[in-house]
Amino acid sequence: MVSLQRIFKLVIKELYLLKSDKRALFMAILLPPLIMAAFSSMAILSGTTDENTVNIAVVNYDDLYFNYTLPNGTAIGSTENSWAQILIDTMANSSLTRVKAYYNINITPYGMLYARQLLDQQQIDAIVSIPSEFSEAIENQFPAIIEVVPDGSDVYSLTTTLNNIQEVITEFQQLNNITPYFQIEEHVEFSTGGGDLLGSMSALSVPFLIIGATLILTLLVVVKEAPLARLLMTPAKKSEILLSKYITYGGIMAFQILLIFIVNSIIGLKVAGSLLDFFVAMLLVGFYGISLGILISAISGTEIQANEYFLGIFLISVLVSGMFVPVESMAPWLQALAYAFPLAHAVPLLSNISLKGLGLTYGPNLLYTCSLLGISLILILLTTIVFYRKKYEV
Amino acid sequence: MARIWELVQKEFGRIKSDRKGLVMLFLFPLITIIIFGFSSGGGYEIAYTVSIINQDAQVHGTNMAQSFFLANNTMTVISNYTSQTPSEFQMAFEEAYQMLKNDQIEMLVIIPDNFSSYVVNGSNPILIIYTDGAGMISSNDLYLALTEPFLQFKLLENNWTGTILMLPYLEYDVPAGWNQILNYMAGLMIPLIVLATSMNVSSLSIVTELPLPRLLLTPANRRDIILSKFIGYSLIMVIQVLVVFLTAIAFGLYIMGSPLDILVTLLFAGLCGVSLGIFISTISSTEAQANQFFIGVFIFLTLFSGAFIPISDMPAAFAAISNALPFAHIIPLFQNIAFRGAHLGFNHVYPILIFCVVLLMLALIAFRFRKMEV
């Protein structure tokens, strides 16, 4: 029979053990909220993500003289460049683009070369090249073409660069009534607002921090405890020892998470859904962390091994989390692996609560919640099996 | 020098004593890089999932809806509703909005009932679009995302009036045929793996060594011990980096510049990890403390690397902190070599080396003042 009194005493023993290294305990409790405070302050003070100004160099070929006859016999000969000038003015006046350099090929024949040098030196994000027939194409209602050479080395800024230029082209059409163009009436749903990065960033940084902090907290609880073998000579059972560890470290984890939650709330995290749901979701992530941490500790023979297991599992967890590579683009077997790790569930769960206001068990969140809880229970079961089979020598 | 060499040999002996740990030392970086290689096996594709509600029963409205189906490079139509009455529209809207809320779609497009009349009159047709603001890509790239369906519409209508087409020619990108995601993510992920593994192993180098106080009774002094640990763990790091580098090459790492420069960049990342690890180990008195420091430093470095919030968007004080940290230099160094064919830029190399030297000196100072009892 499991004795509650014995478990209570074992919990007290665990707390004494923790208290014996006060500095480590202090760091375990204070480091995560401190890091969160620094990151959240940075997120709240940083610029908005959706209106980054793109630096461009414009190379204008539209000022060149040309003369030819169309197949239908129409003669075209022109130095018309008025529309190119209007487009350049639109780009210069728009908040989406900043014209850092302008080259008229008629005056600067090596303008494209100079623009490429600027691109190479990372002084601009893209070159906008206006071809020689641009103004004539608009005048004659032909499709007009603009060539853009963006810096493709950063895939995230690449989409912003192209999107901003496309948006400025639409601005140009609207301002000059080059019809028909599509008018987009845009409604951005589930967003905490233009300048607020904290909401979207919290969904990524909070689970990342919680998993790291809880794994480290519990990593050495079994492997490091030298008197464990002697403890087994007392009436204390393995199940009670394990249970007392889950209770003790679960309590500390809850305290860590409470501090992270308070820090984020003070700094200004807006949660569209229920604060309680957000807190419970954080606890679920933490519960997963301690379940995994104790399992690592149980299967490790030495502290160094535990450390290496931890690092391997933590890095794999981050790699397959979907934060960097979308889970959907992974191979099916790797998607299965991704969903065995916490971050693939934790990130969308927290994001859905904080930005979309979905409840903890509402819609897709039910699956994420059940997965986090279910996998944690499987980990506890595995830990119990390993712990029971592990041989201890006095 | 002879004493330092003997101390380095002693370090190797100590690491060799835990055979399982030694195997994992090289196995885990290998496994992580293999998983990273497989995780990024697909091409870099953005297909927006979309629902359409068409209130316009006439031909132009139908063509607009059809255009989203035809724009299959950027759009995946999940559901398409045709609604003629307010009640039909209300039902369709509620259903589609719920899909947006439940992450089933990223965009809801409403074609209003007057769409065709605008097209016929030659005026500017309106589209109402709801995007998922929680998904960062779709709301930021809306105009770009809609380019293909709009062009498909013009193609269906055979009317190009008012068209201004943007043709992008990417420069310094990963060429077609190469593993796109692996290469775009490599600049962050590979240095991250290298730094973490080298920092992890060296963060326990001093704190777990019980005979260290007795070692100080021999002619070996504290500086020799720190230097020997730095050399010993750096040599292990070199093997780890080689394992990671060769595996990444096997998975199709695209390097426009010199592969040797990339290898040196990864070695710099490893040196930063070893310096950080040894510093952590000197200021920690127990393994638990060293572990707490390790994870704290690692998460801090990652969050402030510029991967979450670009350094250019950070406030000046935070940007200064980020610029003093290694990732602010290792990531651009890696990307410049891999994508632009650049050489090792000293504007990035010097800060990395300064970071390592400062940490090593701090470790020496901390170790000098550390109290040890035999």
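This is a predicted model: local features need pLDDT of at least 70, side-chain atom pairs count only at pLDDT 80 or more; totals for chains, interfaces and linings use all residues.
Student: Is B:Lys229 buried or exposed?
Tutor: A residue counts as buried if 20 or more other C-beta atoms lie within 10 Å of its own. Around B:Lys229 there are 25 other C-beta atoms within 10 Å, so B:Lys229 is buried.

Student: Which residues does B:Lys229 touch, not counting residues up to four places away in sequence, and what separates its C-alpha atom from that of B:Ile4?
Tutor: With those sequence neighbours set aside, B:Lys229 touches B:Glu11, B:Ser205, B:Ile206 and B:Ile278. B:Ile4 is 225 residues away from B:Lys229 along the chain, yet the C-alpha atoms of the two are separated by 9.0 Å.

Student: How far apart do the C-alpha centres of domain 1 and domain 2 of chain B lie?
Tutor: The domain assignment of chain B gives domain 1 as 2-41 + 179-368, and domain 2 as 48-157. Between the C-alpha centres of these two domains of chain B, the distance is 49 Å.

Student: How many residues of the side of chain B that touches chain A are nonpolar?
Tutor: The contact takes 93 residues from chain A and 86 residues from chain B. On the side of chain B, the largest share, eleven residues, comes from helix H2 (residues 19-39). By residue class, that side of chain B holds eleven charged and 27 polar residues, while the nonpolar ones number 48.

Student: In which sense do strand E7 of chain A and strand E4 of chain B pair?
Tutor: Strands of a sheet pair through backbone hydrogen bonds, either parallel or antiparallel. E7 (residues 183-189) of chain A and E4 (residues 126-132) of chain B are joined over seven bridges, and A:Val188 stands opposite B:Thr131 in E4(B). On the other hand, E3 (residues 107-111) of chain B pairs with E4(B) over four bridges in the antiparallel sense. For E7(A) and E4(B), the sense is parallel.

Student: Which strands stand at the edges of the open sheet, and why is one side of each left without a neighbour?
Tutor: Five strands form this open sheet with mixed pairing, in the order E7(A)-E4(B)-E3(B)-E1(B)-E2(B). The twist from one strand to the next averages 20°. Each edge strand has a single partner strand, so one side of each lacks a neighbour in the sheet, and these edge strands are E7 of chain A and E2 (75-82) of chain B.

Key. Residues are numbered from 1 along each chain as its sequence is written. Chains are lettered from A and ligands numbered from 1 in the order in which they are written. Two residues are in contact if their C-beta atoms, placed from the backbone, lie within 7 Å. Helices (H or I, at least four residues) and strands (E, at least two) are DSSP runs, numbered from the N terminus. Ala, Val, Leu, Ile, Met, Phe, Trp, Tyr, Cys and Pro count as nonpolar, Asp, Glu, Lys and Arg as charged, and the others, Gly among them, as polar. Two strands pair if DSSP finds at least two bridges between them. Axes are lines fitted to C-alpha atoms, for helices over the stretch in contact, and angles run from 0 to 180 degrees between N-to-C directions. Domain bounds come from an automatic or database domain assignment. A residue is buried if 20 or more other C-beta atoms lie within 10 Å of its own, exposed if 12 or fewer, and partly exposed in between; C-beta atoms are placed from the backbone.
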